[in-house]
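Please open the model in your viewer and keep the sequence beside it, so that each selection can be followed step by step.

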Amino acid sequence: MMLELQKLCFEDLTVGMTEELVKHVSSSDVVGFAEVSGDRNPIHLSEHFAARTPFKTRIAHGLYTASLISAVLGTRLPGPGAIYLSQTLNFKAPVKIGDDVTVTVRVEELMERGNRARLSCICSVDDTVVLEGEALVKVPSKTEDRSRL
């Protein structure tokens, strides 16, 4: 999953713009996230342990799913140079190994003061919303030097 970079400036954004990413969740993704994050909760890593939980199988870390939102924000909408200011996350359902997660980010509001954008963020598996929230990002303007990006 390597998203092609799309550099958008604040002036390029309009309310209603959307970007979407679909990511297949593999066991190696979850194991790798556990290694990087240090979260080795057996519900993510042990099928034997997870079978005794309400989910009956291993699930992905909630923040793994949230990190897919970050992938969209940092590469596509608004893209390189955007600075995360805040993020709300409401976890609605588990993401299981083998699921295809669809991440949809939509521009909801543009605030000229500080070049800020408020974005809705929804992650779903099939027709089930598994995570929803909002992000607030600072977006570079066309007058800022973006040549380093």
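Begin by selecting the buried residues of helix α4, which are Tyr64, Thr65, Ala66, Leu68, Ile69, Ala71, Val72, Leu73 and Thr75; buried means under 20% relative accessible area, with a 1.4 Å probe and protein chains only, and helices (H or I, at least four residues) and strands (E, at least two) are DSSP runs numbered from the N terminus. This is a predicted model, in which local features need pLDDT of at least 70, side-chain atom pairs count only at pLDDT 80 or more, and totals for chains, interfaces and linings use all residues. Residues are numbered from 1 along each chain as its sequence is written, and side-chain values use heavy atoms, with hydrogens and water left out.

Next, show the elements against which these buried residues of α4 pack, namely β1 (18-24), α1 (27-37), β2 (83-87), β4 (100-111), β5 (116-125) and β6 (128-138).

Finally, move to Gly79, which lies in the loop between α4 and β2 and is buried, with a relative accessible area of 1%. Leaving out residues up to four places away in sequence, Gly79 touches Gln6, Leu73 and Gly74; Gly79 and Gln6 are 73 residues apart in sequence, yet their C-alpha atoms are 5.6 Å apart in space.

Note on methods. Buried < 20%, exposed > 50% of the residue type's maximum accessible area, 1.4 Å probe, protein only. Contact = heavy atoms within 4.5 Å.
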